[in-house]
Structures are given as structure tokens and as C-alpha cells.
Amino acid sequence: MATLSSPAGGNTVTGMTDGTPSTPPTPVRLRGSLDAVPAYVAGKPAAPQAGVTAYKMSSNENPYPPLPSVLDVVREQAAQMNRYPDMGVTALTAALAERLDVPAARISTGPGSVGVLGQIITALCDAGDEVVFAWRSFEAYPILVALAGATAVRVPLTSEARHDLDAMAQAITDRTKVVLVCTPNNPTGPSVRTDELEAFLDRVPDDVLVVLDEAYLEFVTSDDAPDALAIHRARPNVAVLRTFSKAYGLAGLRVGYAVAHEPVAEALRKAAIPFGVNSLAQAAALASLEAFDELDVRVKELVGERARVVAALEEQGWDIPDSDANFVWFGVGERTAELAAACQAAGLTVRPYGTDGVRATIAEPEANDRLLEVLASFPRD
């Protein structure tokens, strides 16, 4: 254990000699609600393996490198990084409004969809308010809710790893401010169906905001998946949340957006961190919109890989949820750690979720082939 003394004679800071810090004592009065905040567990990087190429399949990243045209724009913008970005994200907002056929006043941007979701929770929730969402779903949901001092109401998924919208409707109380619907659901993959979503929304009070989180929208192929923007236009209490991290391949730059009716969108902009979307992210997102036809080719290739992987898994005897995203889910329960370890031994880093299951991103074909090899020999009983 190493001990570092403050030059001013203040509190000492202790840390392990390997560089891993421990938590030092402090007289500062921290928020008590922080004790209830779970830690976000990011997908681990690929661990080196002797004699094999290691692949990261744990973060739902787009495996393709950035488009050359997008890289050129980022390089050009980097020459101006001594200047603050456009705080209003004006050009990107206008481009999104035109593409989505919504008024620009309904667009609110932020550092990734998770950043925008933080704005939503901040703008709507006071201490003690409730946020309803399916579980298991996106891991950031309970973190953002707890940080706001609000209460997370987790509604279990169905046996098919789908949202139980009937149970979610029953979970709404007079304390509920927000309902989160992740479609396709991360980490299990299924989209909600249009008919069940409409029936659910009919039961939600008008003063409760329903957020349709569509981070994986571009990978959706189900015929009965909802048209979220059409639903938004018809219902003042529905917002749509999207990101440039997945299909657009801009995970490292952090830019997302919400489409919400004007009073809500204005509140989200008030709750945003000033200059939260940096100039490189703005330029890259705008260039990516303009190059969507090129990106769509890659998306279709990933969807094709997903279909190939799923067909092979079903042939092996796996019963997995229908995935509309760029990943597949293995609900192996108590054997979660065992499956993750088997993948790791083969040079594949996947994403384990406690004792619920394992999520594997659709990655390079070579990685997907190796995943199929591991799963072919993994006992399912």
C-alpha cells in the first residue's frame, strides 16, 4: 500500500502499489443516493491470446472502420479544435429535422443517446419520482434514475426475453414520470410489436413520458416493428431516442438525439451540458448522414451475418430470442460465467450479465465463425 500526502497537509490519499486506487476517507458530505447507484459495466476489450486473433464482441460496436469520407471531415475539423463547438448543434439539427420530417424544435442532441437520456431523466424527475422499464434492459437505465434520486421500477421480461408491456402498464403509478421502452431490447434483441405498443400507450396517462429507445433501429427487419416517429407524431407524450454510435460507427465520438414534442425538447435542451456534443462529433454525424447509402451497405451485411449466425445456432439446437439488433442473446442463467469463460479461452470477449445470460455482438465473420465453434461444443443442459 502506498500513501500520498497532500502538500497542504490535507487528507491523505491511499492507493495500491500497483496503481489501483482505494477509496480514501473524506469529510465532504456526498449524496446519500450515490450508495444506490450501480456501476456501469462496459464491454471489456479483447484479451490477447497466444496464436489466435482476439476479437471484442462485448460492446455492440460496428466492426467496420470509419468511412474515408467521414474521416476526411473529422481531420479537417480537428484543425479547429481550439474553438468551441456550435452549442446549438445547428447544422446537424437541421439535417436531422429534414431527414426525419419533423420540426427542428423537436430535436435535442447530446453526447450519445445515453447522454440525451440523462437529460430526459434530469428534466422530468424529482427525488422520489418513478421510472418504469423492462429488466433486463440497457444497463444505464438504473444508473441514470438513481443519480436523479428517482426510483427505478424494473419489470421482468417475458420468458421469450421480450418486454411485458401489460405488466409495465400495471406498474405505472401516480409517481411515474417516465417509461422507457428499449426496442430492440438491449441485451436480449427482440423489438416490441406495433399492436402491443399501441395498446400499451393507450393505457399510459398523458402526463407520463414514454421514451422509445431505438439505438439499434437500423438493424431492425421485423415486419411488425413499430414506426416510432409516426407514433411520436400522433402522441404528445412519446419521445424517440436514437444514436450515431451503432449503425453509423461513431461510438468513439458520442453523439445522439431525441425527437420530442416542443415543450419536452426545450426542457431537454435546458438540461443539456453546454457544448456537450463536440465539434468532431457534430461534423462526423453530419457527414455520416450524407453518406448513409454507403453505411447502409454495411448495415445490410451485418444483418446478413446475424441471419447466418442465428441459423447456425438454431441448427446446433440453441433456442435464442429473435434479434432485431446487431447482437444475439444466450439466456444461460447460472452458466453465464462459464459460457463467457469458454469464449474468452477461444479469444472472444463477450458480455456476461450476472446470472442472466451472455450477449455476443455480431462482429467480423471470422469472429462469428469462432463463436459458433465455441457454442457448438458448449453443453446447453
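1. Contact here means heavy atoms within 4.5 Å, and helices (H or I, at least four residues) and strands (E, at least two) are DSSP runs, numbered from the N terminus. The structure is a predicted model, in which local features need pLDDT of at least 70 and side-chain atom pairs count only at pLDDT 80 or more, while totals for chains, interfaces and linings use all residues. Residues are numbered from 1 along each chain as its sequence is written, and side-chain values use heavy atoms, with hydrogens and water left out.

2. Helix α12 covers residues 365-377, and its buried residues (under 20% relative accessible area, with exposed being over 50% and partly exposed in between, for a 1.4 Å probe and protein chains only) are Ala367, Asn368, Arg370, Leu371, Leu372, Val374 and Leu375. These buried residues of α12 pack against β3 (55-56), α10 (292-316), β11 (327-330), α11 (336-345), β12 (348-349) and β14 (357-361).

3. Helix α3 (residues 112-124) has 13 residues and spans 19 Å from its first C-alpha to its last, close to the 18 Å expected, where the expected span is 1.5 Å times one less than the number of residues. Because 10 of its 13 residues are buried, α3 is largely enclosed by the rest of the structure; among the buried ones are Gly112, Val116, Ile120 and Leu124.

4. The axes of α3 and helix α8 (residues 262-271) lie 8 Å apart at an angle of about 105°, the axes being lines fitted to C-alpha atoms, for helices over the stretch in contact, with angles from 0 to 180 degrees between N-to-C directions. The two helices are therefore roughly perpendicular to each other (65 to 115 degrees; under 35 counts as roughly parallel, over 145 as roughly antiparallel and the rest as oblique). Gln119, Ile120, Thr122 and Ala123 of α3 make this contact with Ala267, Leu268 and Ala271 of α8.

5. Helix α2 (residues 90-100) and helix α9 (residues 279-290) have axes that come within 9 Å and cross at roughly 30°, so α2 and α9 are roughly parallel to each other. On the α2 side Ala91, Leu92, Ala95, Leu96 and Arg99 take part, and they meet Ala285, Leu286, Leu289 and Glu290 in α9.

6. Ser288 also lies in helix α9, and Ser288 is buried, with a relative accessible area of 1%. Not counting residues up to four places away in sequence, Ser288 touches Val70, Tyr248, Leu250 and Leu295. The C-alpha atoms of Ser288 and Pro66 are separated by 9.4 Å, although these residues are 222 residues apart along the chain.
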